[in-house]
Amino acid sequence: IDATSVSKEAVKLRSDVAARMQTYIDQYGDRFSASELATLASLRGDADRKLADVVSATNALKEVTVRRGTSTQVRAAADRAIGAWARAKAAADTSWAKAGAIMEPKLGIFEKLGALNDYNAMMDRFDTLGTHIKSLRR
């Protein structure tokens with residue numbers, strides 16, 4: 001795997017997480033109070049900002065590798081990307097838990113299962129992205 005594909009993977013994950021969270025707000029919004037909707041929108045924004053940091057860090061890593069930076073420069077850029085990824089993943093866990101606490105009582109059993117499936121798929125993608133970023137630390 002190369003830094004360009006990792007950068008693209010980060011961009012795609014950011015887009016997909018934002019879209020999925022917005023889908024929940026759009027699809028089930030009438031079931032939530034104004035306060036709950038505001039919290040969900042805030043969680044979506046927080047997740048997007050953390051993932052924007054990952055995108056920025058993976059783009060910087062890509063630039064260092066494209067211009068054939070020294071191994072020290074590549075390691076430093078990879079370390080920054082790994083840190084951004086770790087912070088985003090931790091924030092995603094927290095955000096999904098907070099969103100779940102709001103949504104869970106208002107969803108039917110099949111909707112809950114779908115949300116759990118979405119959560120597991122997103123966390124798998126986070127883990128894969130982390131593995132790919134770490135593999136670039138030479």
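By class, the residues lining the second largest cavity are eight nonpolar, one polar and one charged, where Ala, Val, Leu, Ile, Met, Phe, Trp, Tyr, Cys and Pro count as nonpolar, Asp, Glu, Lys and Arg as charged, and the others, Gly among them, as polar. This is a predicted model, in which local features need pLDDT of at least 70 and side-chain atom pairs count only at pLDDT 80 or more, while totals for chains, interfaces and linings use all residues. Residues are numbered from 1 along each chain as its sequence is written, and side-chain values use heavy atoms, with hydrogens and water left out.

Select V17, M21, A47, K50, L51, A88, A92, S95, W96 and F126 to show this lining. Two or more of its residues come from each of α1, α2 (34–66) and α3, helices being DSSP runs of H or I with at least four residues, numbered from the N terminus. The most, four residues, come from α3. Grid points are joined across faces, edges and corners, and a volume is the space filled by probe spheres set on them.

Next, select M21, Y24, I25, L40, W96, A99 and M103, which line the largest cavity. Here α1 (3–28) and α3 (71–103) are the elements that give two or more residues. This lining has seven nonpolar residues, with no polar and no charged ones, and the volume of the cavity is about 70 Å³.

Terms used
1 Å grid on protein atoms, 1.4 Å probe; cavity = no way out; pocket = protein on both sides within 12 Å on 5 of 7 lines; lining within 4 Å.
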